[in-house]
Amino acid sequence: MSISFAFEPYAPVTAPISASALRFPVHRIYCVGRNYAEHAKEMGSDPTREPPFFFCKPADAIIADTLPVPYPPRTQNFHHEVELVLALHRGGKNLTLEAAAGCIYGYGIGIDWTRRDLQNDAKKTGRPWDTGKAFDASATLGPIHLHSVVGELGSGKIWLSVNGELRQQGDLADLIWNNAEIIAELSTLFELRQGDLIYTGTPAGVAAVVRGDRLEAGIDGLGSIQLAIC
Ligand code: MN
């Protein structure tokens, strides 16, 4: 029996795959908080005492790197966080590190957009982060580069510039939890599935943008993406 819907269901959220006509169907977006020691310190935390942690964004928060990012409402402190994004083609629960590494289909350059003022209010009051992190168009994603083409991305520069001025710079080798460790740890909390995306955390240098700013973000091995705030 065919299903009848009360209204037309939304089309699946998808992301482009580099040098391919195929699209990557997005299941969930997981994000890692404070995964670079220098960024944890700039956020006022001690990375030696407090391990990284997870939060989520809705899948339809994805916005292609080719689109300008709309300045969101209810903020005066809209921050960029450049991140390596893992795209999974396999999942599971309680994965070993080896199984976790085998889940990686590809990598993308992402920006975890943050309404920092709302996030800081939530931290102070012990409330959820969703309004600070999980709003519309809060997850820029560039094309996914296949693991089978670019190899393991365990080191290399990650950076972001605003209007030609370098703001964020780090090295993937400085991740507190590396790619396989993130996936293994996450799989003890959620059953991971093909189509999941993981934003792996941002290096130091997060700061505010305003309308009209032009950004470029890059990761060694993945090239760079360019976008504007509108
Ligand atoms: Mn982040």
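**Buried charges, metal site and cores**

Analyst: Both Glu81 and Lys133 are buried. The model is predicted.

User: How far apart in sequence are the parts that the pair Glu81 and Lys133 ties together?

Analyst: The side chains of Glu81 and Lys133 meet in a salt bridge, N to O at 3.2 Å. Glu81 sits in the loop between β6 and β7, and Lys133 in helix α4 (residues 130-133), so the parts tied together are 52 residues apart.

User: Where does Arg116 lie, given that it pairs with Glu81?

Analyst: Glu81 and Arg116 form a salt bridge through their side chains, at 2.8 Å from N to O. The two are 35 residues apart, with Glu81 in the loop between β6 (78-79) and β7 (82-88) and Arg116 in helix α3 (residues 116-125). Both ends, Glu81 and Arg116, are buried. The place asked for is helix α3.

User: Which strand does Asp112 bring into contact with helix α4 through Lys133?

Analyst: Asp112 and Lys133 form a salt bridge, with 2.9 Å between the closest N and O atoms. Asp112 is buried, and Lys133 is too. Lys133 belongs to helix α4 and Asp112 to a strand, so the pair ties together parts 21 residues apart in sequence, and that strand is β8 (residues 104-112).

User: Which residues do salt bridges with shared partners join into one network?

Analyst: The structure holds six salt bridges. Glu81 pairs with Arg116 and also with Lys133. Lys133 pairs with Asp112 as well. The network joins Lys57, Glu81, Asp112, Arg116 and Lys133.

User: Which residues coordinate the manganese ion?

Analyst: The donor spacing in sequence is E-x1-E-x28-D. The donor atoms are OE, OE and OD, at 2.0 to 2.2 Å. The residues are Glu81, Glu83 and Asp112.

User: Why does Glu83 count as buried?

Analyst: Buried means a relative accessible area under 20%. Glu81 is buried, with 3%. Glu83 counts as buried because its relative accessibility is 1%.

User: Which element gives the most residues to the largest nonpolar core?

Analyst: The largest nonpolar core has 42 residues, and Leu84, Trp113, Ile183, Ile198, Leu215 and Ile219 touch the most other members. Elements giving two or more residues include β3 (29-33), β12 (157-162), α6 (179-186), β15 (214-219) and β16 (223-228). With five residues, the top contributor is α6.

User: How many residues make up the other core?

Analyst: Another core lies apart from the largest one. Val85, Ala122, Leu197 and Tyr199 are among its members. Its count is 19 residues.

User: Which residues is Leu215 in contact with, leaving aside its neighbours within four places in sequence?

Analyst: Leu215 is one of the residues that touch the most other members of the largest nonpolar core. Trp113 is in that group and is also in contact with Leu215.

User: Which element gives the most to the lining of the largest cavity?

Analyst: There is one cavity of 30 Å³ or more, and the largest cavity holds about 100 Å³ of space. Of its 17 lining residues, Arg34, His39, Glu81, Gln119 and Lys133 are the closest to the centre. Elements giving two or more lining residues are β3, β4 (53-57) and α3. Giving three residues, the element asked for is α3.

Definitions and conventions. Residues are numbered from 1 along each chain as its sequence is written. This is a predicted model: local features need pLDDT of at least 70, side-chain atom pairs count only at pLDDT 80 or more; totals for chains, interfaces and linings use all residues. Side-chain values use heavy atoms; hydrogens and water are left out. A salt bridge is a side-chain nitrogen of Lys or Arg within 4 Å of a carboxyl oxygen of Asp or Glu. Helices (H or I, at least four residues) and strands (E, at least two) are DSSP runs, numbered from the N terminus. Buried means under 20% relative accessible area, exposed over 50%, partly exposed in between (1.4 Å probe, protein chains only). Donors are N, O and S atoms within 2.8 Å of the metal (3.2 Å for Na, K and Ca); water is not among the atoms, so sites may look incomplete. A nonpolar core is a set of buried Ala, Val, Leu, Ile, Met, Phe, Trp, Tyr and Cys residues joined through side-chain atoms within 4.5 Å. Contact means heavy atoms within 4.5 Å. On a 1 Å grid over the protein atoms alone, a cavity is a set of points where a 1.4 Å probe fits but cannot get out, and a pocket is an open set with protein on both sides within 12 Å along at least five of seven lines; lining residues have an atom within 4 Å of a point. Grid points are joined across faces, edges and corners, and a volume is the space filled by probe spheres set on the points.
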